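Subject: Structure for you to look at

Hello,

Here is the structure I said I would pass on. Please open it beside this email and find each residue as you read.

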Amino acid sequence: MMLLTAVLPAAAQGTPGGELRLNVGDVLQLTLPSEDAFNNPFKVDRDGNIDLPEAGPVSVAGLTIAQAREKVRAALAVSFRDLDRFALALKEHRLPLTVLGFVKQPGQIEIPAGSTAQIAINTAGGVTPGGQLDHMQVRRIGPDGQPQVIVFDYKKYLDTGDSRILPPLRPLDEIFVPASPQIGNVQVEFDARSLESHGDAGEGGAVRVFGEVATSGTYAFKPGMTVMDALLRAGGVTRYAAVEQIRILPASGEPVLFNLKGFLDSGRQALNVPLQSGTTVFVPHEVEEVKSGGHVVYVMGEVAKPGAFEARPGTGFFDILANAGGPTRYADSKQIRIIRENGTVAAFDLSAYADSAGGTRTPPPAVNPGDAIFVPEKVQESERASWLRTPTSRAVRVLGAVRSPGRFDWSDEMSLVDLLAQAGGPNERGDIAHVEIVQGDKGGRAVKFDLQNFLANGGSAASMPAIHAGYTITVPELPQSPNDTRATWMQLSSDRSIYVMGSVGHPGRYAFEEKLSFLDIISAADGPTAAADLLNIRVSHRGEGRDRVTKVNLAAFFETGDDRLLPHVRPGDVIFVPDRSRNWLEVSPGSTVRLLGAIAKPGRYQFNEGMTILDLLAEAGGPSREAYQEKIVVVNLSCCANEARIFNLVKFAKSGDYALLPVVRQGDTIYVPSTEQSDWSIFMENVRDTVSVLSIFGLFKVLL
């Protein structure tokens, strides 16, 4: 242990006249106006110095307050000028110590001056288990410079409360808590109860008890102590103890056997062996005796208590099985086997025996001494080789989108639902509306069953297809998004599919059921895109023996909410959502209206009867700044003759009279002239495919 060498002079505690001197750990308050560096207190460190701003460390330990003030003033005068109002005062006495040994937080501490060793130990977290309380030490450097060790009995202080037992403490003292000699030389975690549980023997005589007892250990010997006293002191024997074979090994002499069972049965005190100091008591582990003989029946496998049981005359099969605790939850009670002593094997179906009526029951097998009853484990389908345990003659295969596909043991009283439940049920991708059942292993026909409709609407068990051993059940998987993988859509047959093409979020092939509607399919394809033409959606109906196409105005449905506007779709139909920006060559001239001249976006535009010239001008971005809005020309193509009309957009804007709006039909042409345009050849070139030259001359007359 390294001792501290720094020590204060003897006069550090006070002068002969009683004037107080500064100690290590004291806290000083220095005052120097207008200097922020002196706002915080200064502590005298373990070397006896205070660390001054600009001046560095100054030794003050052992000085009086006045001496320290002058010494500090002189040190500050090198860097500071205005020291007339400098002051130094003692703020707090502190006691710096070091606490080591068996304490929870060993190290350097500081406590208020005048504190005792108990305060110091508690500040270090207290004594840890294993610390020796009666030999604590205070170590310091004496006046002659030699180490001093003061031993005190901390336990006696705790017992009596006599504070005179605790030595006075000085700055830089070291308190050391040694280890108890009873804990050995290995550091372990334990508490007082752990010490007690391993025996209470000290340095004197002891008795050792070990083996099948509750608490092995070394225990203090007392005159007149018996083997029963030692066993009780060790917490008694365990359930595995060989109570008839307890061995007592005295310190001198021959070992002695003690029959605890015989003593407890008879109560004879003469059997309670007296012990000597240094005796060892050993309680051995009981060894199971192998039972055999001409009156024993063996029970093995999945029973609660397998073993050998005596079979007296008249003992039956159920008597032996009940003594073995009966079959466990994992037992296959249908496949119980009785292995005869002569080598033959008899089968017994316990489940069928329990379910059958009294008159039709097969009597339980006779059990004779030497026979063995074997209860096998139920087949676990999760095991890799479990399929070997179930022959094909009583197995059904479950494939596809179920949680645990495989081969399952089959019984005729089970149903399709029982089988699917045994397979863990369909997973989240299972299509239970199209469950497929292949009958038999030799080319049996396939049957489809709508389990979803059965579960949703109910029905009798007789409506489900019968399942027999050798059948194969397949639960198909619902198709995934065509964007996930190109191969998944092939898993879906065409008679269960519907096709969505054109301007939708995800065009492709989708599973379809009768309960789904047109909106369900459009929603499954993530709906129309922003460029979709909702007015001209087409549905091609297939499989009706004739071609039929339905036009759907989805925009009108959104405006009115009328379900009658939506078509009825069936598997195999094709839904096409066109794009509004498709090539104008795909649209016949008779179904469009041409907008020419001084407008933002001249071109051909779709038109229906609900639209006006204002809708068309707005669709084309409106007239440009150079447009001559007072003489907009509308060239109509009617059944009888071509005609042209003038529309004054300015007059309409001022009056708001909708009667001024000209009639516009599909195939018409609207021309917005420019105020700066004098050459009409551009207009004539654009309308040449619509009106004749005579109509153009007639148009000139109108304008002029």
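Predicted model: local features only at pLDDT ≥ 70, side-chain atom pairs only at ≥ 80, totals over all residues.

Salt bridges

Side chains of opposite charge can pair when their charged atoms come close. Searching the whole structure gives 10 salt bridges. One of them joins the side chains of K43 and E110, with 3.0 Å from N to O. This pair links distant parts of the chain, since K43 belongs to strand 2 (residues 42-43) and E110 to strand 7 (residues 107-112), 67 residues apart. K43 has a relative accessible area of 44% and is therefore partly exposed. E110 is also partly exposed, at 28%.

Another salt bridge is formed by R94 and E92, whose closest N and O atoms are 3.1 Å apart. Is R94 buried or exposed? Its relative accessible area is 19%, so R94 is buried, because buried means under 20%.

Aromatic rings

A pair of aromatic rings is described by the distance of the centres and the angle of the planes. The whole structure holds 13 aromatic pairs. In the pair F38 and F42, the ring centres are 6.1 Å apart and the planes are at 50 degrees, so this pair is tilted. F38 is buried, with 3% relative accessibility, and F42 is buried as well, with 9%.

Which residues form one aromatic cluster? They are F317, F318, F348 and Y353.

A ring can also be found beside a charge: R139 has its charged end over the ring of F176, 4.7 Å from the ring centre.

At the surface

M300, I339, V345 and F374 make a nonpolar surface patch of about 320 Å². Of these, I339 is part of strand 18 (residues 336-339) and counts as partly exposed, at 33% relative accessibility.

Finally, look at R445, in the loop that runs between strand 23 (435-438) and strand 24 (446-449). R445 counts as exposed, with 58% relative accessibility. Apart from its neighbours within four places in sequence, R445 is in contact with I437, V438 and Q439.

Regards

How values were computed
Residues numbered from 1 in each chain as written. Heavy atoms only, no water. Helix = DSSP H or I, 4+ residues; strand = E, 2+ residues; numbered from the N terminus. Buried < 20%, exposed > 50% of the residue type's maximum accessible area, 1.4 Å probe, protein only. Contact = heavy atoms within 4.5 Å. Patch = residues over 30% accessible without salt bridge, like charges linked within 9 Å, V, L, I, M, F, W, Y side chains within 5 Å. Areas by Shrake-Rupley, 256 points an atom, 1.4 Å probe, with all protein chains shown as cover. Salt bridge = Lys/Arg side-chain N within 4 Å of Asp/Glu carboxyl O. Phe/Tyr/Trp six-rings, centres within 6.5 Å; stacked < 30°, edge-to-face > 60°. Lys NZ or Arg CZ within 6 Å of the ring centre and 35° of its normal.
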